[in-house]
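Hi there,

Here is the structure I promised to pass on.

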Amino acid sequence: METLLHQLTHGNALLLIFILGIGGTFHSGYHLTGLSSPSPYIQQFINSSWYDRYGEPPPPQTVTMIWSLIVSLYAVGGLFGVISVKFVSRMLGRKKTVIFNSVIAIVGAGIMLTSKSAKSYEMIVVARILYGFTAGLGHSSHLMYLAEISPRKLRGIVTLTSATFMSLGKLSGQFFGLSVILGREELWNVVLCVPAFFSVAQIIVLPFLPEAPRYLFIEKGDDKACKKALQSLWGQGDYKEEMDDMLAEQAAVEAAPPKNPLQLLRDRTVRWQLVTVFIIYCCNQLSGMSVVSIFSFDIFLEAGIPREKIRYVTLGLGVTEILTSISCGLLIEHTGRRLLLWGGYGLMSVTWVLVTVTLNLKDSSYWVPYSAASLIILFIIFFGGGPGGVTPTLSSELFIQSDRLASLVLIGIQRWVLFAVLGLVFPFLITALNAFCFALFACVCLLGCLFTFFFLPETKGKTLLEISEEFKAITVCGKSFSERKILETKL
C-alpha cells in the first residue's frame, strides 16, 4: 500500500486522474440522476412557454412528447458521441479530444442556462443532445486515456477510477437536486449546468499535464516523449518494463494495422474478447443497476417508502456506490478481476430474489418496505464492489492498441442502445409485472455469474499480449476461434 501511495503521489498521475474524472465519466453519472429533480419544473416550463407563444395551453400529449424527446435524445447524442470517438481521437490525440469534449459540454450548458430566459424548450432538447454527445465521447476517451497512462501493476486501480467518478457524478446529481440546494423551480436550469464548471477546470489544467504515454509511443512513434510523459506522471525512473511492453505491442500493431468497428467484428482472433465484453456490459445494463439509478423514486414508492423520505434514501444509494467503488479499487489488484465479477453477479442475483419476495410481502408489516430498501442498497454494494468497478478495467485490458478504439465504439453503441431500450421498457415492466420484474434481473445476473466463472480468464498482472493469448486458448467444441480461422483459410 505504501508503494502504491508513493507511485500515485510522486508525479502528476493523481492530478491527471482527478482532472480526467471530473470532465469524463462524472458527466455521464450526473446526467443520469440530475434530470430527476427538475423534471416537474421543466414540464411546467414547457406548458408556460407554449402558452406564451401560442396563447393557449398545449395538449397533454404534446407536453408528453416534448418531455420524451428531452429524456430520450440524450441517448441519441450519446450514441453519436461514441461513434465519433475513433475519428476524433485519431485526429486530435487523447488530450485534445478530452479538451474538445469539455468545450462541447460548456456550449451545451450555455444553451441550457439561457433556455429559460429565451422561453425555448427547443433549446433544452438541443442541450440534452450535446450533453449526451459529451457523455458518450467523454466516457470512452476517459477510459482510453486512463488505460494508456497506467503501468501494468497499477492498471486495475487507475482504470477503475472511471467507475468511481461515474458514481460521484450520480451522487452529485442527487445532492444538487435537493430542494435545499438547487432543486427549486427558479433554479432548474442551473442544476442541469453544474458539470460545466468542472469542464472549465479541466480545460484550464489539462494542457499542463502530459499526453498518454502509450499513445505517444505506439501511435506517434516518439519514445523520448513517451518516457518523459511516464516520468512526469509516475516520478523518475527508466520504465524499461513498460517500454518493453509497448515495444512488443507496437510490433503487434504493425503486423495488424488499426481496424474499424466492422473489421473488428469480422476478426475471429478477437471474437472471444468481443463476446466477453458484450455479455458483461449487457449483464451490467440489464442487471437492474441502470433502473435503480433512473427509476429509484418509482421503485421505492412501489416498495412502500414514504414519498417525503425517498429522495434521502436515493442520496444514500449514491454514497454507498462511491464507497463500494473505492473499496473495489483497493481489492482489484489483490483478488483479481474474475472473482469480483462472478462473485458479484452471484450475490446480485440472490439479492434480487430476496427483493422480489419482500416486495410481495410489503403489506405484511411496517418494517418490510425498509427491508426491501436495505436489500437494494446491498445490491449496489455488490454491483459497485464487483461488476460495476471491474468492467472498465477489464474492457481496457482485452484489446491491444490497434483494436482498442474500435472496441470502445462497439461497446459504447451497445451501452447506449441498451440504455435507451431499458428506459422505454421498464415503466411498462413495473406496471405489468410489479415486483416480479426484479426476478428478470436476477436471471440476468445469474447468467453473468455462470459466464464469467466458466469462460473468463484472469487478466491481473498480465501484458495485453499475454491476455490476448489467453483468449485464443479458449475452445468451443474442441477448437479455438483462431484454429477455426486457420482451417477456413486452408479450405
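**The largest cavity**

Lining the largest cavity are 27 residues, and H139, M166, K170, Q285 and R415 lie nearest its centre. The elements that each give two or more residues to this lining are α3 (25-33), α7 (155-176), α14 (271-285), α15 (289-294), α17 (307-335), α19 (368-384), α20 (387-397) and α21 (401-433). By type, the lining residues of the largest cavity divide into 11 nonpolar, 13 polar and three charged. Here Ala, Val, Leu, Ile, Met, Phe, Trp, Tyr, Cys and Pro count as nonpolar, Asp, Glu, Lys and Arg as charged, and the others, Gly among them, as polar.

The volume of the largest cavity is about 520 Å³, and the search of the whole structure finds seven cavities of 30 Å³ or more. A cavity is a set of points, on a 1 Å grid over the protein atoms alone, where a 1.4 Å probe fits but cannot get out; lining residues have an atom within 4 Å of a point. Grid points are joined across faces, edges and corners, and a volume is the space filled by probe spheres set on the points.

**What you are looking at**

Please keep in mind that this is a predicted model, in which local features need pLDDT of at least 70 and side-chain atom pairs count only at pLDDT 80 or more, while totals for chains, interfaces and linings use all residues. Residues are numbered from 1 along each chain as its sequence is written, and side-chain values use heavy atoms, with hydrogens and water left out.

The chain has 24 helices and two strands; these are DSSP runs numbered from the N terminus (helices H or I, at least four residues; strands E, at least two). Of its 491 residues, 56% are buried, where buried means under 20% relative accessible area, exposed over 50% and partly exposed in between (1.4 Å probe, protein chains only). Among contacts (heavy atoms within 4.5 Å) between residues at least 6 apart in sequence, 81% join residues at least 24 apart.

**The cores**

The largest nonpolar core has 99 residues, with I42, I70, M112 and W352 making the most contacts inside it. Helix α5 (residues 60-118) gives the largest share of this core, 12 residues. A second, separate core has 28 residues, including I17, I19, F217 and M246. By nonpolar core I mean a set of buried Ala, Val, Leu, Ile, Met, Phe, Trp, Tyr and Cys residues joined through side-chain atoms within 4.5 Å. Neighbours within four places in sequence aside, I70 is in contact with I42, I46, I124, V125 and R128.

G108 sits in helix α5 and is buried, at 0% relative accessible area. Not counting residues up to four places away in sequence, G108 touches A127, L130 and Y131. K119 is in the loop between α5 and α6; it has a positive phi of about 55 degrees although it is not a glycine, and at 46% relative accessibility it is partly exposed.

How far does helix α6 (residues 121-149) reach from its first C-alpha to its last? Its 29 residues span 41 Å, close to the 42 Å expected at 1.5 Å a residue (1.5 Å times one less than the number of residues). Of those 29 residues, 24 are buried, so α6 is largely enclosed by the rest of the structure.

Best wishes

Technical notes. On a 1 Å grid over the protein atoms alone, a cavity is a set of points where a 1.4 Å probe fits but cannot get out, and a pocket is an open set with protein on both sides within 12 Å along at least five of seven lines; lining residues have an atom within 4 Å of a point.
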